[in-house]
Structures are given as C-alpha cells and as structure tokens.
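Have a look at the structure first, and then we'll go through it piece by piece.

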Amino acid sequence: MPSPELPAPTPVEPRPTGPLCTACGEPALVHWLRRLTDDELDEHIRIEQERREQALLLADPQLPPPVFPPLPTGEDFTRTVYSCGPHAISMDAAALVHASTCTAPNEADLPGCDCTPEPAPAAPVEEAAAPLPDHWVTGGA
Ligand SMILES: [Zn+2]
Ligand SMILES: [Zn+2]
C-alpha cells in the first residue's frame, strides 16, 4: 500500500553546524592545537578546584580524606583552533601544538603563524610485528 503523500519539506537554508573559522567565521575545514592562555587555564583550574571541594564535602568522614594530584598546569591542556581553507596555516605547522599567544589564523602571517610551535613529539618506536601463523599468511601452507 503506498504511503500517504507527505507535504514537501520546506527548503531550509543550509546553516553551518560545525566549528567556524577563527579568522572569518566561515565553516572550518581544518584545525590545529594551541596552549591555553592564562585566563583559559585559570578557568580550568577553578573548575577543578570546585570539583575537589565538592569531592571533599561528599567524602566519607570515616575514611581518610581524598588525596588529589597537583592541580593541572598549562602543559596539560590544549585548545583547538579552527580555520577555513583560505585561512589555514601550513599542514606542517598544523601538526604541532602552538603557543597560547599564537594569533593564527592571522592573514598577516599566513601560511605560517607568529609563534614558535612546540617541537613534534618523538615518533613512537615501531615494534616488530609478531609473525603470523603460516596458514594466516597469503600463499602460506
Ligand atoms: Zn577563514
Ligand atoms: Zn603558532
């Protein structure tokens, strides 16, 4: 049985739903990371401190009080920077973590930026793959 005719959907202007370019507000195509500014880090620490105070309040008084690791530092966080195609920094630069003060994407510095990104982490040492059983190898016995 044919389903009853539905009214045609009203066309909707497609609206970007994802992240937007930091420089121009167009839908972002690429992103990279930068460290948090002091204000952003303060916010993180404030939230973490509130969480700990709450945990202390809720802690069982019969037990020793919870022990927390040191508060997070700037090394623990990154912020994602979004950019459209034309405002994208180079792919090599986007692979690195940028300073909190980095102003990219900034047209004056494209396709680079005005900070010295952190060096890339050392590539993990590739471990030799364990050999597969002979009958798992194509052409094997
Ligand atoms: Zn842009
Ligand atoms: Zn940078």
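## A salt bridge to start with

The side chains of E40 and R79 meet in a salt bridge, with N and O 3.5 Å apart. The term salt bridge stands for a side-chain nitrogen of Lys or Arg within 4 Å of a carboxyl oxygen of Asp or Glu. This pair links distant parts of the chain: E40 sits in helix α1 and R79 in strand β2, 39 residues apart. Helices (H or I, at least four residues) and strands (E, at least two) are DSSP runs, numbered from the N terminus.

E40 is buried, at 17% relative accessible area, while R79 comes out at 32% and counts as partly exposed. Here buried means under 20% relative accessible area, exposed means over 50%, and partly exposed is in between (1.4 Å probe, protein chains only).

## What you are looking at

This is a predicted model, where local features need pLDDT of at least 70 and side-chain atom pairs count only at pLDDT 80 or more, while totals for chains, interfaces and linings use all residues. Residues are numbered from 1 along each chain as its sequence is written, chains are lettered from A and ligands numbered from 1 in the order in which they are written, and side-chain values use heavy atoms, with hydrogens and water left out.

## More charged pairs

Side chains of opposite charge can pair when their charged atoms come close. How many salt bridges does the count come to? The count is 7 salt bridges. One of them joins R35 to E118, with the closest N and O atoms 2.7 Å apart. That pair also links distant parts of the chain, since R35 is in the loop between β1 and α1 (38-58) and E118 is in the segment after β3, 83 residues apart. R35 is buried, with a relative accessible area of 15%, whereas E118 is partly exposed at 26%.

E48 and R52 form a salt bridge too, their closest N and O atoms being 2.7 Å apart. Both of these residues lie in helix α1, 4 residues apart, which is about one turn of the helix. E48 and R52 are both buried.

Which protein residues hold the zinc ion (ligand 1) as donors? They are C21 (SG), C24 (SG), C84 (SG) and H87 (ND1), at 1.9 to 2.3 Å from the zinc ion. Donors are N, O and S atoms within 2.8 Å of the metal (3.2 Å for Na, K and Ca), and water is not among the atoms, so sites may look incomplete. The angles among the 4 donor atoms run from 104 to 114°, and the site is tetrahedral. Four donors count as tetrahedral if all angles lie between 85 and 135 degrees.

Along the sequence, the donor residues are spaced C-x2-C-x59-C-x2-H. C21 lies in the segment before β1 (30-34) and C84 in the loop between β2 (79-83) and α2 (91-94), so this pair ties together parts that are 63 residues apart in sequence. Both C21 and C84 are buried, with C84 at a relative accessible area of 5%.

C102 and C113 both lie in the segment after β3 (97-98), so the pair ties together parts that are 11 residues apart in sequence.

C102 and C113 are buried, and C115 is buried at 13% relative accessible area. As for disulfides (pairs of cysteine sulfur atoms within 2.5 Å), the count comes to 0.

## How the strands line up

Strands pair if DSSP finds at least two bridges between them. β1 and β2 run antiparallel and are joined by 5 bridges, while β1 and β3 run parallel, with 2 bridges between them. L33 has a bridge partner in each neighbour: T80 in β2 and V97 in β3.

How values were computed:
Four donors count as tetrahedral if all angles lie between 85 and 135 degrees; four count as square planar and six as octahedral if opposite donors are over 155 degrees apart and all others between 65 and 115; anything else is irregular.
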